[in-house]
Amino acid sequence: MTRYMPRRIAPDNLALAVGQRIRELRQDEGMTIQELAETSELGSKGHISNMERGLVRPNIQTLKQ
């Protein structure tokens, strides 16, 4: 079972920078959040959305997926 970090109320600078890079890479590949969720095995559009908005700081395992 994947454990997610708690969601923040407001983004922090590091989480936001990581999230923006995730979004850039996803968009460069022409993927939707749904497609990334399915292909990355994260399975949660909401979690990816929260990462992209800097509300979740992903750990190394999540980034690897």
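**View 1. Arg-23 in helix α1 of the predicted model.** Arg-23 is found in helix α1 of what is a predicted model. With a relative accessible area of 27%, Arg-23 is partly exposed, because this class lies between the limits of under 20% for buried and over 50% for exposed. Leaving aside its neighbours within four places in sequence, Arg-23 is in contact with Glu-52 and Arg-53. Ile-33 stands 10 residues from Arg-23 in sequence, and the C-alpha atoms of the two are 8.7 Å apart in space.

**View 2. Helix α1 from end to end.** Helix α1 comprises 16 residues, residues 13-28, which at 1.5 Å a residue should span 22 Å, and the distance of 22 Å between its end C-alpha atoms agrees with that expectation. At the N-terminal end, α1 is capped by Asp-12, a side-chain oxygen of which lies 3.1 Å from the backbone nitrogen of Leu-14. Just after α1 comes Gly-30, which takes a positive phi of about 70°.

View 3. The buried residues of α1 are Ala-15, Gly-19, Ile-22 and Arg-26. Seen down the axis of α1, these buried residues fall within an arc of 60°, so they line one face of the helix. An α-helix has 3.6 residues a turn, so residues three or four places apart point the same way. The face of α1 turned away from this buried side carries the exposed residues Asn-13 and Asp-28. Cover for the buried residues of α1 includes α2 (33-40), α3 (45-52) and α4 (60-64).

View 4. In α2, the residues Leu-36, Ala-37 and Ser-40 are buried. Around the axis they cover an arc of only 100°, which puts them on the same side of α2. Glu-38 and Thr-39 are exposed residues on the face of α2 turned away from its buried side, whereas what covers the buried residues includes α1 and α3. Not counting residues up to four places away in sequence, Ala-37 touches Leu-42, Gly-43, Ser-44, Lys-45 and Ile-48. After α2 the chain continues with Glu-41, whose phi is positive, near 70°.

**View 5. The largest nonpolar core and Val-56.** The largest nonpolar core has 7 residues in all, namely Ile-22, Leu-36, Ala-37, Leu-42, Ile-48, Met-51 and Val-56. Two or more residues of this core are given by each of the elements α2 and α3. Val-56, a member of the core, is found in the loop between α3 and α4. Its relative accessibility is 2%, and Val-56 therefore counts as buried, the cut-off being under 20%. The C-alpha atoms of Val-56 and Ala-15 are separated by 6.4 Å, although these residues are 41 residues apart along the chain.

**View 6. The chain as a whole.** The secondary structure of the chain comes to 4 helices and 0 strands, the elements running α-α-α-α from the N terminus on. Of the 65 residues in the chain, 29% are buried. Among contacts with a separation of 6 or more, 61% are accounted for by residues 24 or more positions apart. The accessible surface of the chain comes to about 4600 Å², and 52% of this surface belongs to carbon and sulfur atoms.

How values were computed: Residues are numbered from 1 along each chain as its sequence is written. This is a predicted model: local features need pLDDT of at least 70, side-chain atom pairs count only at pLDDT 80 or more; totals for chains, interfaces and linings use all residues. Side-chain values use heavy atoms; hydrogens and water are left out. The expected span of a helix is 1.5 Å times one less than its number of residues. Buried means under 20% relative accessible area, exposed over 50%, partly exposed in between (1.4 Å probe, protein chains only). The arc is that of the directions from the helix axis to the C-beta atoms. Contact means heavy atoms within 4.5 Å. A polar contact is a pair of N or O atoms within 3.5 Å; within protein, one must be able to donate a hydrogen and the other to accept it, and residues adjacent in sequence count only if both atoms are side-chain atoms. Accessible areas come from the Shrake-Rupley method with a 1.4 Å probe; for residues, only the protein chains shown count as cover. A nonpolar core is a set of buried Ala, Val, Leu, Ile, Met, Phe, Trp, Tyr and Cys residues joined through side-chain atoms within 4.5 Å.
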